[in-house]
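Trainee: Could we go through this structure together? I would like to begin with a single residue and then turn to the sheets.

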Amino acid sequence: MAIMNLRFWGVRGSIPVPGQDTAIYGGNTSCVQIATDNQSVLILDAGTGIRKLGLELVTKHKDKKEVHLFLSHTHWDHIQGLPFFAPLYIPGYSITIYGPVHYEKSLEQILDRQMEYTYFPVRVAELAAKINYHSLKEEKLSIGDFSVSTKYLNHPVLCLGYKFEHGGKSITYCTDHEPYINIFGNGGHSDEVVRTVVAEQNKGFDNFIRNSDLLVLDTQYTEAEYPSHISWGHGYTSRNLEIVRQCNVKKWALFHHDPDRSDADEKKIEESLQRQGGEEKLQTEIFAAKEGMIVEV
Ligand SMILES: [Zn+2]
Ligand SMILES: [Zn+2]
C-alpha cells in the first residue's frame, strides 16, 4: 500500500478554462490534496478545484473535520475557489490556512478582501467553521505525522514551495516558480559575482526538491514560448527537465498548465518530454497533471 497519495483537483494556471478543449487535463485552477490514512485533511492551494474537494469532504468524509490548507501565494488563481469551499460554512470544522507572510497586510486581511460584499455575499466573520491563520517563512513544521518544509520560490509575489515528508517518502509542490535568472542587469557587480548569486539561488531550489518521490512543478511554458515570458514567474519544459535530471526526482508532474493550452497540445508536450526522458534512460516518471488523477508514492 502506498505511504501517501496526491490527488489533483485543479491543474490549470491563471484562470479556469472549462470547455471541450480542456476536458481531459481539466480546466480548474490549482488545488491538490495529500492523503494518508490519518485523519487530517491536507490541501495545497485554493484555486477553483477546491470547490469539488470541499463537496466530497462534507458528503463522503464527514468524520474528517481538521483541515490544513497551504497556500503557495495569494495570486487569484490560488485563492479564488476558497469562498466556495463547503467546510467553511459548517460548524465543527477547524480550518488552518497557511501562506507566505506579507508585510503590508496579514494573510487574514488578504483573504477577507475577496469576501467583501462587493465581491461575495458572505463575509469571513459569518463563516461557521473555526478558522486559524498561520503565516510562514522558510521553516519546518509538523502536522500530525507529516513534516512540512517551505522554500521561497521565484515569482512576482512572495510564494512558497512545500515539501511533505511522511514514512520516508516525500512530495514536493512547487508551483509558480521560474528558475532564477538575472533580469536586472549587474548593478555595478561583475558578471562573475552575478552568475554566482544566480547559481546559488538555483542550487537552493535544487537542494529543496532533491530526491523527491513526487515533484509537482510549474511547467507552464514550452522552451519556444519562454523567451516571450521571461520574469512572469513560471517554468518551462527543457529547463525543468534539466532540473529534474540533476535532482534525482522519481516522479515529475507537469503542473500549472497554460490556460491557452488545449488537451491535444498538452499531450504533445507530455509525450515529447517522456520521449526525451526515455532516450536518455532517465529514471524519472514524467506526466502532465490531470484533474482527478491520483498519484501514489
Ligand atoms: Zn498561478
Ligand atoms: Zn502566481
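Trainee: Does Leu6 count as buried or exposed, and why?

Mentor: Please keep in mind that this is a predicted model. Leu6 counts as buried because there are 24 C-beta neighbours inside 10 Å, and the cut-off for that class is 20 or more.

Trainee: Where does Leu6 sit, and what does Leu6 touch?

Mentor: Leu6 belongs to strand E1, residues 5-10. Leaving aside residues up to four places away in sequence, Leu6 touches Val32, Ile34, Ile171, Leu214 and Val295.

Trainee: What separates the C-alpha atoms of Leu6 and Leu136?

Mentor: Their separation is 22 Å, and the two residues are 130 apart along the chain.

Trainee: On to the sheets. What is the strand order in the sheet that holds E1?

Mentor: The order is E6-E5-E4-E3-E2-E1-E14, an open sheet of seven strands with mixed pairing. Strand E6 (130-136) and strand E14 (294-296) are the edge strands, each pairing on one side only. On average, neighbouring strands of this sheet are turned by 20 degrees against each other, direction ignored.

Trainee: How many bridges join E1 to E2, and in which sense do they run?

Mentor: Five bridges join them, and the two strands run antiparallel. Arg7 has Gln33 in E2 as its bridge partner. E2 also pairs with strand E3 (residues 41-44), in the antiparallel sense over three bridges. There, Val32 is partnered by Leu44 in E3, and a hairpin of five residues joins E2 to E3.

Trainee: And in which sense do E5 and E6 pair?

Mentor: Strand E5 (residues 94-100) and E6 pair in the parallel sense, over seven bridges. Thr96 stands opposite Asn132 in E6.

Trainee: What about the sheet that holds E7?

Mentor: That one is also an open sheet of seven strands with mixed pairing, in the order E7-E8-E9-E10-E11-E12-E13. E7 and strand E13 (285-288) each have a single partner strand, so one side of each is left without a neighbour in the sheet. From one strand to the next, the twist averages 20 degrees.

Trainee: Which way do E11 and E12 run?

Mentor: E11 and E12 run parallel, joined by four bridges. Asp218 has Phe255 in E12 as its bridge partner.

Trainee: Now a helix. Which residues of H4 are buried?

Mentor: In helix H4 (residues 237-246), they are Thr237, Asn240, Leu241, Ile243 and Val244. These residues are on the same side of H4, because they cover an arc of only 165 degrees around the axis. They pack against helix H3 (191-209), strand E11 (214-218), strand E12 (251-255) and helix H5 (263-279). Just after H4, Asn248 takes a positive phi of about 55 degrees.

Trainee: Last topic: which residues touch the most other members of the largest nonpolar core?

Mentor: Ile43, Leu69 and Val216 do, in a core of 59 residues. Not counting residues up to four places away in sequence, Ile43 touches Cys31, Gln33, Ile50, Leu53, Val67, Leu69 and Phe70. In soluble globular proteins, nonpolar side chains tend to be buried together.

Technical notes: Residues numbered from 1 in each chain as written. Chains lettered and ligands numbered in written order. Predicted model: local features only at pLDDT ≥ 70, side-chain atom pairs only at ≥ 80, totals over all residues. Buried ≥ 20, exposed ≤ 12 C-beta atoms within 10 Å, placed from the backbone. Arc of directions from axis to C-beta. Contact = placed C-beta atoms within 7 Å. Pairing = 2+ DSSP bridges. Axes fitted to C-alpha atoms, helices over the stretch in contact; angles between N-to-C directions. Core = buried A, V, L, I, M, F, W, Y, C linked by C-beta atoms within 7 Å.
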